[in-house]
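Please read the following briefing alongside the sequence and the coordinates. The points are grouped by topic.

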Amino acid sequence: MKGLVFVEFVEFVEQEYSLEMVDRIIDNSALASGGAYTSVGVYDHREMFELVGQLSRETGVSEGDLLTVFGRHTFGRFLDRFPELFEGVDSAVEFLRSIEDYIHVEVKKLYPDAELPTFTYEPSEPGSLAMVYQSPRCLADFAKGLIAGCVDHFGSPMDVDMTPLADDHSVVRFIVRPRAGS
Ligand code: HEM
């Protein structure tokens, strides 16, 4: 996993909790890297689960919820860093539908060593989107936060349903649909 995701995670923990919390979770984790992350480095994605596990122990918040909040945070950072990817896009559904064939294709050009998930799109009701996340890194909870951040950004209220299709969350279906009554 790209170092930039780890750098973001460390900044997220400092912002949401404290610098002391960052030190504590790194000290309490058995990290092959030692926890000195650089954006250009590449690290074992299991280190992310180690850090999130320690943060969960410290805060009492579940690992899944922490990954989802971190996903929301990360979407905001993507907006700041890559505004050109959002030009001319009018809705969350339009943006989400473009991840597999456009967004992550551009990401791969920028970072050839990025390890990205696969999204497949299923027939959906107009205005809604059914997409299946697949990745051996099992970061569907992080994906949920990114999707929720995307929905917030475009401003129309939508519900995000997540249904695991594999016990280890390596395959998960997301359904994004306009919120009833809005
Ligand atoms: C809401 C839209 C998006 C979703 C749902 C999404 C989903 C994901 C997920 C779940 C991962 C973790 C890797 C895995 O699960 O195997 C990932 C990695 C990544 N995504 Fe996206 N993504 C989105 C938009 C973007 C955007 C806009 C960018 C910006 C350029 C981006 C750049 C990246 C990068 C750099 C990684 C890390 C690759 C690595 O660790 O090697 N994504 N994405």
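**Briefing on the predicted model**

Leaving aside residues up to four places away in sequence, Thr-38 touches Gly-3, Leu-4, Val-7 and Tyr-43.

**Thr-38 and its setting**

- Thr-38 lies in the loop between α2 and α3, and, because its relative accessibility is 39%, Thr-38 counts as partly exposed, a class that runs between the limits of 20% and 50%.
- Between Thr-38 and Glu-84, which are 46 residues apart along the chain, the C-alpha atoms are separated by 24 Å.

**Helices α1 and α2**

- Helix α1, which covers residues 3–16, and α2 have axes that come within 7 Å of each other and cross at roughly 130 degrees.
- The crossing of α1 and α2 is right-handed.
- On the α1 side the residues that meet α2 are Phe-9, Val-10, Val-13 and Glu-14, and their partners in α2 are Leu-19, Met-21, Val-22 and Ile-25.
- Sorted by class, the contact of α1 with α2 has seven nonpolar residues and one charged residue, with no polar ones.

**Helices α2 and α3**

- Helix α2, spanning residues 19–28, packs with helix α3, spanning residues 46–59, at an angle of about 120 degrees, and their axes are 9 Å apart.
- The crossing of α2 and α3 is right-handed.
- From α2, the contact draws on Met-21, Arg-24, Ile-25, Ile-26 and Asn-28, while α3 contributes Glu-50, Leu-51, Gln-54, Leu-55, Glu-58 and Thr-59.
- The residues of this contact of α2 with α3 divide into five nonpolar, three polar and three charged.
- Met-21 and Ile-25 of α2 take part in the contact with α3, and Met-21 and Ile-25 also belong to the α2 residues that meet α1.

**The iron site**

- The iron atom of the ligand has a single donor from the protein, namely NE2 of His-104, at a distance of 2.1 Å.
- His-104 itself is found in helix α6, which comprises residues 99–110.

Methods. Residues are numbered from 1 along each chain as its sequence is written. This is a predicted model: local features need pLDDT of at least 70, side-chain atom pairs count only at pLDDT 80 or more; totals for chains, interfaces and linings use all residues. Side-chain values use heavy atoms; hydrogens and water are left out. Donors are N, O and S atoms within 2.8 Å of the metal (3.2 Å for Na, K and Ca); water is not among the atoms, so sites may look incomplete. Helices (H or I, at least four residues) and strands (E, at least two) are DSSP runs, numbered from the N terminus. Axes are lines fitted to C-alpha atoms, for helices over the stretch in contact, and angles run from 0 to 180 degrees between N-to-C directions. A crossing is left-handed if the near helix is turned anticlockwise from the far one by less than a right angle, and right-handed if clockwise. Contact means heavy atoms within 4.5 Å. Ala, Val, Leu, Ile, Met, Phe, Trp, Tyr, Cys and Pro count as nonpolar, Asp, Glu, Lys and Arg as charged, and the others, Gly among them, as polar. Buried means under 20% relative accessible area, exposed over 50%, partly exposed in between (1.4 Å probe, protein chains only).
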